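Let's take a walk through a protein, from its overall build down to single residues. Keep the picture open as you read.

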Amino acid sequence: MAFAIVVNGRSHSVDVDGDTPLLWVLRDVLGMTGTKFGCGMALCGACTVHIDGIATRSCITTIDSIGTSQIKTIEAIGATPAGSQIQKAWLEHEVVQCGYCQSGQIMSAAALLAGKPHPTDADIDEAMSGNICRCGTYVRIREAIKIAAQTNAKGG
Ligand code: FES
Ligand code: FES
């Protein structure tokens, strides 16, 4: 069955079963491989995208549940103010180790900052708690989110 979806501001028609997870539509049908597969059970956060600005696990989001909602992925998050701040802070603070979890980490962090420009430590913990990093980059992630939030405080 054909579904019309909007990804990163662009419309696509995809012909898949209605219960196909968005993750596989992005990766296998649209060739957007920045969004990663980790667990497939909403336990690791590697597959995080934004749906109408909300950080969402694409591995358990079926294509027939999306409707006219706007999907944003790691490929375009740098074009948003929060995404740009987060990516800059990630680079400045050298957050990444192997990188596998990082697109999901950045998508969760960008959603947090877009909704709460000056998050508390508790806000950060809550927003990032579902994103697992096997390399243990958690401390640098937290610092980078704070750096990005300071950019907000300076009006940048
Ligand atoms: S692959 Fe979706 S949460 Fe792990
Ligand atoms: S950087 Fe390697 S899993 Fe997070």
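## Ground rules

This is a predicted model, where local features need pLDDT of at least 70 and side-chain atom pairs count only at pLDDT 80 or more, while totals for chains, interfaces and linings use all residues. Residues are numbered from 1 along each chain as its sequence is written, chains are lettered from A and ligands numbered from 1 in the order in which they are written, and side-chain values use heavy atoms, with hydrogens and water left out.

## The overall build

The protein chain has five helices and five strands. Starting at the N terminus, the order is β-β-α-β-β-β-α-α-α-α. Both kinds of element are DSSP runs, numbered from the N terminus: helices are H or I with at least four residues, strands are E with at least two.

For 156 residues, a compact globule would have a radius of gyration near 15 Å, and the chain agrees, with 15 Å. That radius is taken over C-alpha atoms, and the globule rule is 2.2 Å times the number of residues to the power 0.38. Of those 156 residues, 46% count as buried. Buried means under 20% relative accessible area, exposed means over 50%, and partly exposed is in between (1.4 Å probe, protein chains only).

Which residues have the most contacts inside the largest nonpolar core? They are Ile86, Trp90 and Ile145, in a core of 20 residues. Helix 2 (81–92), helix 3 (102–115), helix 4 (121–128) and helix 5 (138–153) each give two or more residues to this core. Helix 3 supplies the largest share, six residues. A second, separate core has 14 residues, including Phe3, Val14, Leu22 and Met32. A nonpolar core here is a set of buried Ala, Val, Leu, Ile, Met, Phe, Trp, Tyr and Cys residues joined through side-chain atoms within 4.5 Å.

Beyond its neighbours within four places in sequence, isoleucine 86 is in contact with Ile106, Ala109, Ala110, Leu113, Ile145 and Ala148. Contact means heavy atoms within 4.5 Å.

Leu22, Leu23, Val25 and Leu26 are buried in helix 1. Their cover includes strand 1 (2–7), strand 2 (10–15), strand 3 and strand 5 (70–72). After helix 1 comes glycine 31, with a positive phi near 70°.

Now look at serine 103, which sits in helix 3. Is serine 103 buried or exposed? At 11% relative accessibility, serine 103 counts as buried. Leaving out its neighbours within four places in sequence, its contacts are Gly34, Thr35, Lys36, Ala46 and Ile74.

## Salt bridges

Side chains of opposite charge can pair when their charged atoms come close. The whole structure has five salt bridges, each a side-chain nitrogen of Lys or Arg within 4 Å of a carboxyl oxygen of Asp or Glu. One of them joins glutamate 92 and lysine 88 (3.4 Å, N to O). These two are four residues apart in helix 2, so about one helical turn separates them.

Another pairs aspartate 125 with arginine 142, with the closest N and O atoms 2.5 Å apart. Aspartate 125 is in helix 4 and arginine 142 in helix 5, so this pair ties together parts 17 residues apart in sequence. Asp121, Asp125, Arg142 and Lys146 are linked in a network of salt bridges.
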